[in-house]
Amino acid sequence: MPTPSLSEHGTIAVLDVGKTNVKLNAVTVDGAVLETLSIANPVLPGPPWSHHDLGAIGEWIFCGLAQLARRHPLSTFVASGHGSGGVLVGDDPDRGDGAALPMIDYEQGPPEVIRTGYAPLSGSFFDRGSATMHAATHQARQLYWMQEREPQAFSRARWYLGLPQYWAWRFSGVATSEASLLGAQSHLWNVAERHFAPIVDQRGWGRLMPPFADAWQDLGPVRAELARRHGLPQDLRILTGAHDSSLNHYRYQAAGLREFTVISTGTWIVGFSGQTPLDRLDEHRGMTLNSDLFGKPLGGVLTMGGREFSHVAGRDPPDGPVPEQVVLRLIAGRTMALPSFGDDSGLFPGSAGQGSIIGPKPETAVERKALALIYCALLTAECVEALGAGSLVVLDGSFLRDPLYARLVAALLPGRHVRFNLDAYGVASGAALLAGQGIRRRPAPLSLAEPADVPPLATAIADYAAEWRATARRQAEPVFQ
C-alpha cells in the first residue's frame, strides 16, 4: 500500500491506557484533539492476583471506536500505555481477551517469596533502567511472578506484549516489541546497549519477545472479522504504538525542539532530557534511563509530586488559583514542606514517610494549598537540576492549572529558559503525530508560553530555596554528603 502524504490522512484514533482511566481520542494529524471518550480502568480481585478487566475494556474500546467512526473520518488507530503494563498472550487475539494469564495490576505488592526471588535476578542499573520500585511496578517482576505462580499456563503462552502493542495485536493480529515501552523501567531492556536484560535469557523469556517495530510502523489494516463484528472502518490502519511519556516527549521533537528538558506533572512529576549524560544518572535519586521513540537514551527523573501535593494541601483544597501574596508570606516566614510524605523517596533517598512542615504552620486551607504549590515547584526545579543539560525547560501537565506554578519554577531556575504548554492532551497529540513521522514536511504546530512577572518572585525565593534544599538534603541519606 503506498504511503499517503500527510494531507491525505484522515483523523487518528488514539487509545490512551492509563492506570486509572482509559481514553479514546479523535485527533487530527497535527495533534489537535477533536473528541474524547473516557472510562475508568477496572481492576478485578484475584485469583491469581488483582488484574485489569481486559474483556470489559476491549468491548468499550470497540464500541467507542465505532461511535467515533460515525462522527470522524478515522484512518489510523494507535495506542499508548504506561510503562508498567504488559500482557502475556496466546496465539489468537480472538480467544476471549487473548490473554494467557490475567494482566497484573501493578499497584499490588507481590508475595514476599516473589519479591526476594526476583531481586538477585534484576541485573545492573542499565539492565533495569531504574531502581527497583514499589509493588509490582516492573514488567520483568510481573513475568517472574506469573512464571513462578502459574508455570503451566505460562509455558503455553506465545507472546509477551507491552500494553500499546497488546492493543495493536488485538486489532491487527501482528505481535511486536517497541523500544520506548520496553525502555520504560520494564527491567527487560538495556537502553544504553540496546539488548535484552540478562533476566530474559536466564528465565527463557526470549521466545516470548516478538520482533521490534518502530512506534509509527504500519502493521496493516484492522482484522476483517473485528471490523465486521463492531462496525469499524475496514481500511483502518494499525500502528505499533508507544510509551505514554515518551509520546509526550515526541510531540516536542516533532515540533522541531532540540536540546530541551520536558517536565510533565500529575500524580508523578516526570522529567526527560535527551542530553543528560548516562554517568549522571543516579538510581538512588529517582533517576531513570528511558528510551525515546527512536531508541535513543532519555535521561529521566521521577517523583510523586501529585501525591506529595495532596499530602500537604490536604483534602478538598480550595478551588481557584493560589494568591501570590499568600505564597510571599509563607516564603518570608520560612514555612517549608520537607520531603517526603508518601512512600516514594524521589530525589531525596531515605526520606519516604519522613515528610514534615517546619516554620510557622499554615493555618488555612489556602495557606496549605499555597505551601503545596511552593513545595512542588521546588521538587520540579530539583528534577531539572538533576537532569542537568539543556537551557530550555518545557512544563506541561495538571500543575499548570495554577498560573503561579510556572512562575515559581521559572523563579527557581533563573539560568534557564522556562516555557509552558497548556495543552492537556500531550500523549494523545504525540501519538497522533506518529502518523506523519517520515512524511511531515514542516514542524508540527506547538504553542508555548513564557511565565510573566518572574523577577519579583525570583528575588523573594532565592534564599528560601537554598535553605530548603540544604535542610532537605541534611535529612536525607548521606548520599549528599
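## A pocket and a helix pair

Helix 10 is the top contributor to the lining of the largest pocket, giving four residues. Keep in mind that this is a predicted model.

So how much space are we talking about? The largest pocket holds about 1500 Å³. Its lining counts 50 residues, and those closest to the centre are Asp244, Ser245, Gly266, Thr267 and Trp268. Several elements give two or more residues to that lining, among them helix 10 (244-254), helix 15 (426-433), strand 2 (21-27) and strand 14 (260-265). Strands 15 (269-273), 16 (287-291), 17 (297-303) and 20 (392-397) are also on that list. Domain 1 (12-244) and domain 2 (256-476) each supply at least three residues to the lining of the largest pocket.

Next, a helix pair. Two packed helices are described by the angle between their axes and the distance between the axes. Helix 1 (residues 54-71) packs against helix 6 (residues 163-172) at about 60°, and their axes are 13 Å apart. The crossing of these two, helix 1 and helix 6, is right-handed.

Which residues meet there? On the helix 1 side they are Leu54, Ile57, Gly58, Ile61, Phe62 and Leu65, and they touch Tyr166, Trp167, Arg170 and Phe171 of helix 6.

Here is how both sets of residues split by class:

| Site | Nonpolar | Polar | Charged |
|---|---|---|---|
| Lining of the largest pocket | 15 residues | 25 residues | ten residues |

Methods
Residues are numbered from 1 along each chain as its sequence is written. This is a predicted model: local features need pLDDT of at least 70, side-chain atom pairs count only at pLDDT 80 or more; totals for chains, interfaces and linings use all residues. Side-chain values use heavy atoms; hydrogens and water are left out. On a 1 Å grid over the protein atoms alone, a cavity is a set of points where a 1.4 Å probe fits but cannot get out, and a pocket is an open set with protein on both sides within 12 Å along at least five of seven lines; lining residues have an atom within 4 Å of a point. Grid points are joined across faces, edges and corners, and a volume is the space filled by probe spheres set on the points. Ala, Val, Leu, Ile, Met, Phe, Trp, Tyr, Cys and Pro count as nonpolar, Asp, Glu, Lys and Arg as charged, and the others, Gly among them, as polar. Domain bounds come from an automatic or database domain assignment. Axes are lines fitted to C-alpha atoms, for helices over the stretch in contact, and angles run from 0 to 180 degrees between N-to-C directions. A crossing is left-handed if the near helix is turned anticlockwise from the far one by less than a right angle, and right-handed if clockwise. Contact means heavy atoms within 4.5 Å.
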